[in-house]
Amino acid sequence: MAQHGAERLGGRGPGREDRLASDVSGYRLRVADDELDATRFERLAASGRASLLDGRHSDAAAELRAAGLRRRAGMRYQRRLQRRFCSR
């Protein structure tokens, strides 16, 4: 990824720590746990399971649905990247 593209993802800006680092192997974008789709999915899924066990079925359904939507969106993005970069 070009540096300007990585910076648009959240690199540098007023009041923010430097999130974009570079070294001899390339660029690294530092992100907080709650910025990762996988972490959000795990949190929503755990909350949905807990709601289900507590008998809060409508809350459980909403949380598990949100987790499923996040997971499917991540899988679509991963397939798009694979087609773009691995099929050459």
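Tutor: Val31 has a relative accessibility of 37%, so Val31 counts as partly exposed. Keep in mind that this is a predicted model.

Student: Why is Val31 called partly exposed?

Tutor: Buried means under 20% relative accessible area and exposed means over 50%, with partly exposed in between. The value for Val31 is 37%, so the label is partly exposed. Val31 is found in the loop between S2 and helix H2 (37–53).

Student: What makes Leu29, Val31 and Leu36 a nonpolar patch?

Tutor: A patch takes residues with over 30% relative accessible area and no salt bridge, and nonpolar side chains such as Val and Leu are joined within 5 Å. Val31, at 37%, is over that cut-off. Together, Leu29, Val31 and Leu36 have about 200 Å² of accessible area on the surface.

Student: What makes Asp23 and Arg28 a salt bridge?

Tutor: The cut-off is a side-chain nitrogen of Lys or Arg within 4 Å of a carboxyl oxygen of Asp or Glu. The closest N and O atoms of Asp23 and Arg28 are 2.9 Å apart, so the pair qualifies. Asp23 has a relative accessible area of 39%, so it is partly exposed. Arg28 is also partly exposed, because its value is 44%.

Student: How many salt bridges are found in the whole structure?

Tutor: The search finds 3. Among them are the bridge of Arg56 with Asp54, at 2.9 Å from N to O, and the bridge of Arg56 with Asp59, at 3.2 Å.

Student: Why is Asp54 called exposed, while Arg56 is called partly exposed?

Tutor: Asp54 has a relative accessible area of 55%, which is over 50%, so Asp54 is exposed. Arg56 has 36%, a value between 20% and 50%, so Arg56 is partly exposed. Asp59 also stands at 36% and therefore counts as partly exposed.

Student: Is Ser51 buried or exposed?

Tutor: Ser51 has 0% relative accessibility, which is under 20%, so Ser51 counts as buried. Ser51 is found in helix H2.

Student: Which residues does Ser51 touch, not counting those up to four places away in sequence?

Tutor: Ser51 touches Arg56, Asp59, Ala60 and Glu63. Of these, Arg56 and Asp59 belong to the salt-bridge network.

Student: What share of the chain is buried?

Tutor: Buried residues make up 16% of the 88 residues. The chain exposes about 7000 Å², of which carbon and sulfur atoms supply 52%.

Definitions and conventions:
Residues are numbered from 1 along each chain as its sequence is written. This is a predicted model: local features need pLDDT of at least 70, side-chain atom pairs count only at pLDDT 80 or more; totals for chains, interfaces and linings use all residues. Side-chain values use heavy atoms; hydrogens and water are left out. Buried means under 20% relative accessible area, exposed over 50%, partly exposed in between (1.4 Å probe, protein chains only). Accessible areas come from the Shrake-Rupley method with a 1.4 Å probe; for residues, only the protein chains shown count as cover. Patches are made of residues with over 30% relative accessible area and no salt bridge: like charges are joined within 9 Å, nonpolar side chains (Val, Leu, Ile, Met, Phe, Trp, Tyr) within 5 Å. Helices (H or I, at least four residues) and strands (E, at least two) are DSSP runs, numbered from the N terminus. Contact means heavy atoms within 4.5 Å.
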